[in-house]
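Work through the exercises below on charged side-chain pairs. Try each task on the coordinates before reading its solution.

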Amino acid sequence: MSGKDVRKGRTTRGSLGSGVGGETLGGFIGFANLPNQVHRKSVKKGFEFTLMVVGESGLGKSTLINSLFLTDLYPDRELPDAEAKIKQTVSMEASTVEIEERGVRLRLTVVDTPGFGDAINSSKCYDPILEYIDAQFERYLHDESGLNRRNISDNRVHCCFYFISPYGHGLKPLDIEFMKSLHNRVNIVPVIAKSDTLTKQEVNRLKKRVLDEIAKHNIKIYQLPDVEDDEEEDYKEQTRVLKQSIPFAVVGSTTTIEVKGRKVRGRMYPWGVVELENDEHCDYLKLRTMLISHMQDLQEVTHDLHYENYRATRLDPENVVEPVKPGKQASGNTDAKLREKEAELARMQAMLAQMQKQLQMQNDGQQTHQL
Ligand code: GDP
């Protein structure tokens with residue numbers, strides 16, 4: 001840990017004015033409000049955000065993601081049968097969608113981790129997930145030290161929805177182990193999956209249990225920033241409600257159903273309809289509001305805390321990451337590194353030449369002006 005307290009002085013944002021009170025966003029996702037959060041330059045460039053979903057297969061990860069972003073990210077995906085599931089290893093699926101709302105572009109990458117926890121020997125099944133997160137940090141570190149620092153694309157994982165099974169009595173040992181490996185790398189937002197399978201009382205009991213276990217095992221989950229005194233009352237209330245709702249009990253569905261003349265997204269049962277965008281039924285809207293109103297904060301914490309930790313560890317001379325293997329492999333590595341250095345030198349030379357040319361042109365222009 002770098003020990004840097006990024007919790008203080010984080011940017012606060014205006015209220016989205018929707019979501020928590022049960023209002024719908026009328027088909028909009030709501031990120032058009034991002035200009036309130038980000039610098040104009042980022043708005044022009046587009047906003048990059050990566051969300052990762054983890055948890056056992058079948059907990060409704062893909063369904064929730066599709067519900068949240070209205071786009072079918074996985075139209076061709078086939079559900080594996082039981083036998084295939086056992087053999088299945090963790091494979092990462094990153095899908096990127098570009099969504100534009102009222103002139104604001106969001107480049108959203110969703111990283112799904114199907115198969116996690118399916119196989120009986122699953123204790124190390126999450127290693128590829130950790131490797132994926134680290135690989136994005138490594139790529140950023142590499143790009144940051146390169147020449148084209150202004151146009152780095154940020155693929156770091158800014159938020160991780162951790163799906164908790166509604167069928168257990170809290171966190172499973174694997175959840176605890178996995179969350180502890182994740183919490184210094186990424187902002188964890190715990191969610192209780194398929195909460196429509198539980199009664200209100202059961203949801204509350206499970207929420208309390210999960211929070212107790214998180215505290216008991218010193219698991220660090222994403223903390224919503226404290227609101228400033230001078231914030232609007234609506235925003236203060238929104239933040240209070242959001243904080244109280246963690247872990248968010250969610251329901252996912254991409255089906256639209258007609259209820260008393262209203263079209264709603266939900267799940268139809270013989271005894272009634274569970275509506276996604278109804279705060280009495282689940283925390284779907286709260287989760288969406290939390291994500292959208294805190295995108296910039298999630299990015300800041302990723303950069304200032306998680307990435308900084310990675311960078312500090314990585315650049316520490318005691319942590320030699322790639323020990324050079326003897327023999328052929330070593331010379332292969334050295335060759336590759338030499339080629340990389342040569343390419344970088346060539347890029348630098350080209351850039352220098354370009355700069356000289358521009359300076360020359362500027363000088364020529366000035367001289368003409370003086371004449
Ligand atoms: P994933 O493997 O975690 O991505 O799970 P999927 O999204 O593929 O969903 C697995 C199954 O659970 C599908 O049959 C979904 O229709 C169903 N499902 C998804 N979300 C929910 C939910 O919130 N409640 C209930 N009861 N079922 C759901």
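**Salt bridges in a predicted model**

Arg 156 is buried, at a relative accessible area of 3%. The model is predicted.

**Exercise 1.** Find which parts of the chain are tied together by the salt bridge of Glu 48 and Arg 107.

Step 1. The N to O distance between the two side chains is 3.0 Å.
Step 2. Glu 48 belongs to strand S1 (residues 47-54) and Arg 107 to strand S3 (residues 104-112), so the pair ties together parts 59 residues apart in sequence.
Step 3. Glu 48 is buried at 16% relative accessible area, while Arg 107 is partly exposed at 25%.

**Exercise 2.** Locate Glu 56 and Lys 172, which form a salt bridge.

Step 1. Their closest N and O atoms are 2.6 Å apart.
Step 2. Glu 56 sits in the loop between S1 and helix H2 (61-69), and Lys 172 in the loop between strand S4 (159-164) and helix H5 (173-182), so the pair ties together parts 116 residues apart in sequence.
Step 3. Glu 56 is partly exposed, with 22% relative accessibility; Lys 172 is partly exposed, with a relative accessible area of 32%.

**Exercise 3.** How many salt bridges does the count come to?

Step 1. The count comes to 16 salt bridges.
Step 2. A network of salt bridges links Lys 207, Asp 283 and Lys 286.

Key. Residues are numbered from 1 along each chain as its sequence is written. This is a predicted model: local features need pLDDT of at least 70, side-chain atom pairs count only at pLDDT 80 or more; totals for chains, interfaces and linings use all residues. Side-chain values use heavy atoms; hydrogens and water are left out. A salt bridge is a side-chain nitrogen of Lys or Arg within 4 Å of a carboxyl oxygen of Asp or Glu. Helices (H or I, at least four residues) and strands (E, at least two) are DSSP runs, numbered from the N terminus. Buried means under 20% relative accessible area, exposed over 50%, partly exposed in between (1.4 Å probe, protein chains only).
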